[in-house]
Amino acid sequence: MSAFTHPPQFAATPSVVPDTDTRTIPAHDPMWNVVVLNDDVNLMSSVVHIFRQVFGYSTERARRHMLEVHQLGRSIVWTGGREAAEHYVHLLQQWHLRVQLEAHV
Amino acid sequence: MSEDLAPSFAGDTVLVRLRFSPVLRELLASIVHRVHAAPFTLPNAPVVDASAEQDADWHTAWRDSLRERSDLDTTALDALVGDARFGVANLPLTPVAAEAIMRACARVRLHLRDTILRDLRSEEVYGTLDIYRRTVAEQQGYACYRLLAMLEEDLVYQLDPGLLRS
């Protein structure tokens, strides 16, 4: 089974780094945006439902993102770590939404 | 978690309750079957940025997983439209099955939009379409496209009744 069908695992940041390890550990991992793009096929009601299902958003928040997609062509629906972002992209693609993953700047 | 933070199902059963001609059901069944047999294509080409450390195996696993999900969903829709009761009687679905049907409806509608209905403008698809100026294939594809949209919308409002209230 591929990793895509399981929720991402968040490992706790080790509090103690072995003093023999001289590698540079970044203070913060890069952040990634999950971006949903507009299309003229997926229904507005379905998109709101999908955002609620995938992200657990309130109806109001899900609708806000849906309208942003519809009116502006795209909406950043989630921002966070790479592994979780990939997981969300995969879930949204299962619903046939047009999704991109892009570096958060 | 508050009541509004996740879809709350009205019950354990979602009903397929559309009514339409058996002729339309047969047409829909043939189209769904054709899409089911067609090669799977991702709706959007750029899965993720190419600069990442993703190898071919990773992409293959990603696509295979999506294909597997889509095949299961379309199998469910194929079975639904192949049921002689579809369109003439209420058919119960579990919420999980209803979501599979919704995803499959989207897949088939995307396919129709990219093939038979590719020459239609968005305003025509969702507004006024002069159906008599269209080819028979477009008329049939459009009828199925709209029917699947109605089915999908009816299911989503049963799965997530809060959408109707907001």
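**Exercise 1. Which residues in helix 2 of chain B meet which residues in helix 3 of chain B?**

Solution. 
- From helix 2 of chain B come B:Ser70, B:Leu72, B:Asp73, B:Thr74, B:Ala76, B:Leu77 and B:Leu80.
- They meet B:Ala97, B:Ala100, B:Ile101, B:Arg103, B:Ala104, B:Cys105 and B:Arg107 of helix 3 of chain B.
- Sort this contact by class: nine nonpolar, two polar and three charged residues.

The model is predicted.

**Exercise 2. Find how helix 2 and helix 3 of chain B are oriented to each other.**

Solution. 
- Take helix 2 of chain B, residues 56–81, and helix 3 of chain B.
- Their axes lie 8 Å apart, and the packing angle is about 95°.
- Angles of 65 to 115 degrees count as roughly perpendicular.
- The two helices of chain B are therefore roughly perpendicular to each other.

**Exercise 3. Identify the residues of the largest nonpolar core that touch the most other members.**

Solution. 
- The core holds 53 residues.
- Touching the most other members are A:Val34, A:Phe51, A:Leu92, B:Ile101, B:Cys105, B:Val108 and B:Leu155.
- Helix 3 of chain B (residues 95–114) gives the largest share, nine residues.
- Now take A:Leu92. Beyond four places away in sequence, A:Leu92 touches A:Val36, A:Ile50, A:Val54, A:Leu97 and A:Val99.

Key:
Residues numbered from 1 in each chain as written. Chains lettered and ligands numbered in written order. Predicted model: local features only at pLDDT ≥ 70, side-chain atom pairs only at ≥ 80, totals over all residues. Core = buried A, V, L, I, M, F, W, Y, C linked by C-beta atoms within 7 Å. Buried ≥ 20, exposed ≤ 12 C-beta atoms within 10 Å, placed from the backbone. Helix = DSSP H or I, 4+ residues; strand = E, 2+ residues; numbered from the N terminus. Contact = placed C-beta atoms within 7 Å. Axes fitted to C-alpha atoms, helices over the stretch in contact; angles between N-to-C directions. Parallel < 35°, antiparallel > 145°, perpendicular 65-115°, else oblique. Nonpolar A, V, L, I, M, F, W, Y, C, P; charged D, E, K, R; others polar.
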